[in-house]
Amino acid sequence: MHSTLTNGKAINKRDVLRLAKERDVRFVRLSFVDILGINKSVSIPVAELERAIEGRVTFDGGSIDGFVRGEEADMRLLPDLATFAVYPWTNGGHNEARLICNIATADGEPFEGCPRTTLMRAIDDAADVATGLQSGLEVEFYLFDVGPGGAPTTASNDVGSYFDINESDRGELARTEIVTALEAMGLGVASSHHEHGAGQHEIDLRETGLLAASDALITLRTVAKHVAARHGLHATFMPKPAEHLAGSGVHVYFAFPRDAAEGEDVEDDDLGENALFAIGGLLEHAPAFTAICNPTVNSYKRLVAAWDAPIYTVWSHRSANSLVRVPSPEDARSRIEVRSADPSCNPYLAMSVLLASAAHGIRSHALPGDPLTGSTYELNDRERDRRRIKTLPKSLRQALVELEKDVVVRAALGDHIYLAFRDAKVAEYERYRRAVHPWEREAYLRVY
Amino acid sequence: MIDSAVMSNDELVEFAEGLARVASTGGGPKALAAHLGTLLDAAVLVEDAEWRHVALAGAAKRSVPPSSRDLISAAPKDGEGAVALQTPGDAAGGVAVRIRGGDSPLGWLSVFPNGSGAEGRLAAVRLAAAAIAVELSRDAGGGRNRRKSFWDRLISRAYDDPIEAKDDATARGISLAASYVAVAIEAEGLEETVAATKMGDLRRICLETLRSGSGDIVVLERGGGFVFLCPAPMEVDAANARTAATLIARTATKNHFGAKIVGGVGRPAEAIAAHRTVEEARESMFIARRLFGGSRVMPYEDLGVYPMLLRGGATSAELREVSDRILAPLRAYDEKHQTELIRTLRLYFDVGQNVKTAAAELSVHRHTVFYRLRQIAEISGHDLDSAHDQLTLRTAMAIDALNSHER
């Protein structure tokens, strides 16, 4: 998605203005996310595009969750020109494009509450050990029917499972259109298929830089909801929409370059050192980064011993329910797959904490123990103790406690984002704790 | 000439801590001299009170007299026990300090800088001399048991009782881990002129690669190399020590070490049985050198039946243990998934590794045989295309058949 022109040069202001004119763009959405990963945008007429590119468009940061509290503060939107893309649909008959923006303070300084800027800083911080690192995402989501009054349901007329093909299925048609739209916007899609649950789908995004991979998840969520609505469906990235359905996760792939000049045997099937140490770091910091990668109370209904969801800090070559899996090699790069995150995460923050954990592992030469063979669900307490395997948090509350204890993961977020995230999530958990849930009425109403 | 008062207090403290670390992990006068030589970029010579050679380090870049005796005799003393050394044609000069154990002279520590980089570090030379004095005093202390360090005694099976070993360790300020994994490492083809420096480099590379979060690594100088005892209180620590050891050769290449590294890793053993993991590490190193061409560090667990062949035989119980260990993952998989991997492997070998014939015998398609062979390789960790791994699997199958109750 991070565009270059056909001559290979990075895109510049003049190119964006020319492309907008060539594609008859009428409006441009200046897009950004809040700390919770919710997509926001400011729409401008194309006549304002030059001003926007120069970073002169401001918005009220005080009205965004987790930005600046209790006061009105102007924030600047600094568009990343490489993210310029025209939506493959019209809005009221007008062509519309978008630019993903970083957020700066009124005087132009990088805003420490901007998730995208946080990831850029994390990438800079890891440059000594993670140069050339790329990431690809496997994103799961559901396409459900829409009920009366347009309310989303958890019902689907689709009864397919893994890799099933049903050409008359509305979900199948919608997924195809989502992929087409993503490609039109410049995203690399490696594949897509039906997932385990009825109405559940997966789209696999090609490996790219970590910033572009995070941008891609934001784009995918936006495009999927838009296209699904046109098909009379509702796209949801909620991690566990119903108890009887498989949860939706985001599998984050990291591809490490291997360097023969550094003594690495690039023909060797074994993992390279950096990938091995990165696994060590990821397993070490997993309890802490879970709050960021699995940020809702609902996320923890997915992280249970079912449907191959990871629940322990385990790595493996074969086991589908390990936290980190090493896929079969397909080229000279070393790949690892982190399987715990879910699509409700803020991708910039999730990528920041995963990268910081991996980088810490590489710097400290953290070894991950032997890979596990077999299902992690069968590990008993004694086996986990011998391997020093930790259990992933079982609730958002527990995850926040783990996050607070981990200075590496907290440092990756920065104080501003950590504190705003913590406060928002403590409040969210408290609302959940006070709510009386249907299960409780079902279990207790008649009995007591 | 090395003068005083240039190193800061912090630098001196850091250096003293380094000396203590070297000594606490079993490093003797040679290792301490190498530590000083690295700091000063200098050759360091240690001689005892009878002018007998004790250790030489860092002599790769310059020539060093076989003894400092004549230089020290010819030099004026500076009042602090330090002697300025002037070697012919050497503008930088050197310094020697007396090594003392209380009032008793134990020897001399002579430093020959490679350039001007050693100036202002006399305090560091004195600290090193003090640390070496402790080692020389221990060696001169009399009594076989006291002469040997705790670790030497442990490895030579001097303790019958784990409690006795633990008490002795405690008395010497050593915190004994429940288990250890031994890593034996040697460098091949080192020229004598650079050997001392290179061995210091190798020691550093190994310690950095093996670094453990579970306690101090013990370093023992053995023959032309080292044995590292890595604390492994848990299964995961043993696994990490084994993995880290296999990275040593690659790390040495990255550090432009310039010589082949060969090594072996023993299986974890309780502290009282540390000799066993050391023996296994050294056996593994020998096998790696003879059968795998060196330039690698091989874990005992990956050597299949070779250790048995090296020892010239084994008891029935040992043979069964080897066979069970190699076949256990396949057997467990068969039991759990009701598969026929062991039977397929046996038949595959019985028919001379002919997939078509094996498929006919098993009444399955040959693609099924290929699939099962891939599973066997993944689950057992043995590559069926490797002659070494084939020998291991064939031998394990043969032992299993010979010990079967169905005779």
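**A helix in chain B and its setting**

Modeller: This is a predicted model, and the C-alpha centres of domain 1 of chain B and domain 3 of chain B lie 59 Å apart. The domain assignment places domain 1 at 9-141, domain 2 at 176-303 and domain 3 at 314-402 of chain B.

The helix to look at is α2 of chain B, residues 29-40. Its 12 residues reach 16 Å from the first C-alpha to the last, close to the 16 Å expected at 1.5 Å a residue. Of these 12 residues, 11 are buried, so α2(B) is largely enclosed by the rest of the structure. The buried set includes Leu32(B), Leu36(B), Leu39(B) and Leu40(B). Lys30(B) and His35(B) also belong to the buried set. After the helix comes Asp41(B), with a positive phi near 50°.

In soluble globular proteins, nonpolar side chains tend to be buried together. The largest nonpolar core here has 218 residues, and the members that touch the most others are Leu109(B), Ala128(B) and Val183(B). Helix α6 of chain A, residues 273-293, gives the most to this core, with 13 residues. A second, separate core has 15 residues, among them Leu327(B), Val369(B), Ile376(B) and Ile399(B).

As for Leu109(B), its contacts beyond four places in sequence include Val44(B), Val46(B), Ile99(B) and Ile132(B). Ala128(B) is another of these contacts.

Conventions. Residues are numbered from 1 along each chain as its sequence is written. Chains are lettered from A and ligands numbered from 1 in the order in which they are written. This is a predicted model: local features need pLDDT of at least 70, side-chain atom pairs count only at pLDDT 80 or more; totals for chains, interfaces and linings use all residues. A nonpolar core is a set of buried Ala, Val, Leu, Ile, Met, Phe, Trp, Tyr and Cys residues joined through C-beta atoms within 7 Å. A residue is buried if 20 or more other C-beta atoms lie within 10 Å of its own, exposed if 12 or fewer, and partly exposed in between; C-beta atoms are placed from the backbone. Helices (H or I, at least four residues) and strands (E, at least two) are DSSP runs, numbered from the N terminus. Two residues are in contact if their C-beta atoms, placed from the backbone, lie within 7 Å. The expected span of a helix is 1.5 Å times one less than its number of residues. Domain bounds come from an automatic or database domain assignment.
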